[in-house]
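Here are some notes to read alongside the sequence and the model. They go from the overall fold to the pairing of the chains, and then to a few single residues.

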Number of protein chains: 2
Amino acid sequence: MSAPETLPAAHAQGGRKAEAERNDRTVLNAAREVFFELGYDAPMSVIAERAGVGMGSLYRRYRSKEELVRRLCTVAMEGTLQAAERALAAEPDGWSALTRFMRESLTCGAGAMGRFAGAFPVTEEMVRLSERGADAMQALLDRAAAEGSLRPGVVTGDLVLILEILRTRFKTTPERADELRLRYLAVLLDGLRHHGDPLPAPGPTWTEIGERWGPPGDA
Amino acid sequence: MSAPETLPAAHAQGGRKAEAERNDRTVLNAAREVFFELGYDAPMSVIAERAGVGMGSLYRRYRSKEELVRRLCTVAMEGTLQAAERALAAEPDGWSALTRFMRESLTCGAGAMGRFAGAFPVTEEMVRLSERGADAMQALLDRAAAEGSLRPGVVTGDLVLILEILRTRFKTTPERADELRLRYLAVLLDGLRHHGDPLPAPGPTWTEIGERWGPPGDA
DNA sequence: ATGCTAGCGGAGCGCTCCGCTCCGGTCCAG
DNA sequence: CTGGACCGGAGCGGAGCGCTCCGCTAGCAT
């Protein structure tokens, strides 16, 4: 989402230890970018290249591709949770809290992880995080509903899925893609605001959301 | 989008000629389904299997994967164009025409083709169809704008991109996915309706939309 | 200065999986 | 009954992936 940090190589200053640490951060950033652009099928070599790092260094930090992706997911979920709590604490009314939450989670890349659903087994930590996330989103929704600014029938699963559809890869520059995502987020949020008509079809339940990550038995 | 027609094999009745024709239709349906679900990377063998047809028959109709996909794109574009003209002709007011157009193009699978942008060179026919499509959408928008029901700043490119983001693969049954698509289409349309706030960021121009299909020089 | 070695980049191994071909069998037409 | 059009699907060639391994470099201790 932010600048790639594509240094030609990581030789800025500081000794080997420092380089290692710098690599660690750069790798995570690069991985997020590349996975967002190319999906779970992104080759590890592309991530290494983008980070300006060799395959050796990449695999020293993360023993496998799966481990890297899992780490990325966890980080994104933590980010989303924090965005929710921040919005809840700092915004004066329910609607602006919801707006801010959606905007910030989008920029921090939440919802992009839904593309990986089913690609690897979920960890316990991820389950815990998702539960806390669900609670926070529910609080956001409750507050907006209490002040009457939310369309009836909107559920937390809607927020998740909306974040996910906004992750569509528009085939432009990353900057323009972000602009467009914000544009359609604005449209969606206005559509989520209170007014007469009910929404067609029942909203996605939380179990429905969770099931996509591959329950016990799945294809 | 509709039933798979997954006959165990294609031996219903009628001689070899009839079987060939049946295969042809079945293959196209299967291909549409599979490409929508799996994207351009869908293996040809899966399409053959879904159609209940051998690889041989598949490749007798379409000399290559690219040819199949191109045919599919053309068909989808024709469908979209027809949906627009139908909506324009049959609906009493601009807004219901726009709504109907979006709903029908979604169900007929338009916008799913944007996922293939850049994967193969566009034909002249496709260019012509896209121009006619753009005109029809513009007419739809003009009519809605004239009656004052359209939010200012909405452009035809928005319609294309909205159709495209709604093609997100929700990881459920095809039926439920269609329900959800309709749900978020409703949200989006309500957000596109007239009211005060302008939309952030300029809408996608038509050139911007076209460029994604890989102009002359592109990566 | 000068080894020693931790950490680096990247070539390449092994494997999976895909597009496409080809051929033995099937079944309709005459 | 026989010819041949058309069928299904096994298998070929090759692309591209995850991951390992190794020669080299550059910082540290002496």
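This is a predicted model: local features need pLDDT of at least 70, side-chain atom pairs count only at pLDDT 80 or more; totals for chains, interfaces and linings use all residues.

1. As for the overall make-up of chain A, the chain has nine helices and zero strands, and its elements, read from the N terminus on, run α-α-α-α-α-α-α-α-α. Of the 219 residues in chain A, 35% are buried. Among the contacts in chain A with a separation of 6 or more, 75% are between residues 24 or more positions apart.

2. Chain A is divided into two parts, domain 1 (1-63) and domain 2 (69-219). Where these parts touch, nine residues of domain 1 of chain A are in contact with ten residues of domain 2 of chain A. The side that domain 1 of chain A presents to domain 2 of chain A is made up, by class, of six nonpolar, one polar and two charged residues.

3. One stretch of chain A carries a label from a record: the UniProt annotation "DNA-binding region", which comes from an unreviewed entry, covers residues 43-62 of chain A. In the model, this span is 75% helix and 0% strand, and its end C-alpha atoms lie 14 Å apart.

4. The contact between the chains involves 28 residues of chain B and 28 residues of chain A. On the side of chain B that touches chain A, the elements that give two or more residues are α7 (156-165) and α8 (174-192) of chain B, and the largest share, eleven residues, comes from α8(B). By class, this side of chain B has 17 nonpolar, four polar and seven charged residues. Because 100% of the interface residues of chain B are also interface residues in chain A, the copies meet through the same surface.

5. Which residues have the most contacts inside the largest nonpolar core? That core has 100 residues, and the residues in question are Leu140(A) and Leu140(B). If its neighbours within four places in sequence are left aside, Leu140(A) is in contact with Ala84(A), Ala87(A), Leu88(A), Ala97(A), Leu98(A) and Phe101(A).

6. The backbone at position 201 deserves a careful look in both chains. Ala201(A) has a phi near 65 degrees, which is a positive value in a residue other than glycine, and Ala201(B) likewise has a positive phi of about 65 degrees although it is not a glycine. Ala201(B) is found in the loop between α8 and α9 (206-211) of chain B. Ala201(A) counts as partly exposed because it has 15 C-beta neighbours inside 10 Å, and Ala201(B), with 15 C-beta neighbours inside 10 Å, also counts as partly exposed.

7. Is Gly196(B) buried or exposed? This residue lies in the loop between α8 and α9 of chain B, and it counts as exposed because it has 7 C-beta neighbours inside 10 Å. The C-alpha atoms of Gly196(B) and Glu175(B) are separated by 36 Å, while the two residues are 21 residues apart along the chain.

8. Ala119(B), in the loop between α5 (94-107) and α6 (124-146) of chain B, is 50 residues from Val69(B) in sequence and 9.6 Å from it in space, C-alpha to C-alpha. Glu179(A), whose place is in helix α8 (residues 174-192) of chain A, is 88 residues from Glu91(A) in sequence and 23 Å from it in space, C-alpha to C-alpha. Ala119(B) is partly exposed, with 17 other C-beta atoms within 10 Å, and Glu179(A) is partly exposed, with 16 other C-beta atoms within 10 Å.

Definitions and conventions
Residues are numbered from 1 along each chain as its sequence is written. Chains are lettered from A and ligands numbered from 1 in the order in which they are written. Two residues are in contact if their C-beta atoms, placed from the backbone, lie within 7 Å. Domain bounds come from an automatic or database domain assignment. Ala, Val, Leu, Ile, Met, Phe, Trp, Tyr, Cys and Pro count as nonpolar, Asp, Glu, Lys and Arg as charged, and the others, Gly among them, as polar. Helices (H or I, at least four residues) and strands (E, at least two) are DSSP runs, numbered from the N terminus. UniProt positions are given in the numbering used here, feature names are shortened, and annotations may be inferred rather than shown by experiment. A residue is buried if 20 or more other C-beta atoms lie within 10 Å of its own, exposed if 12 or fewer, and partly exposed in between; C-beta atoms are placed from the backbone. A nonpolar core is a set of buried Ala, Val, Leu, Ile, Met, Phe, Trp, Tyr and Cys residues joined through C-beta atoms within 7 Å.
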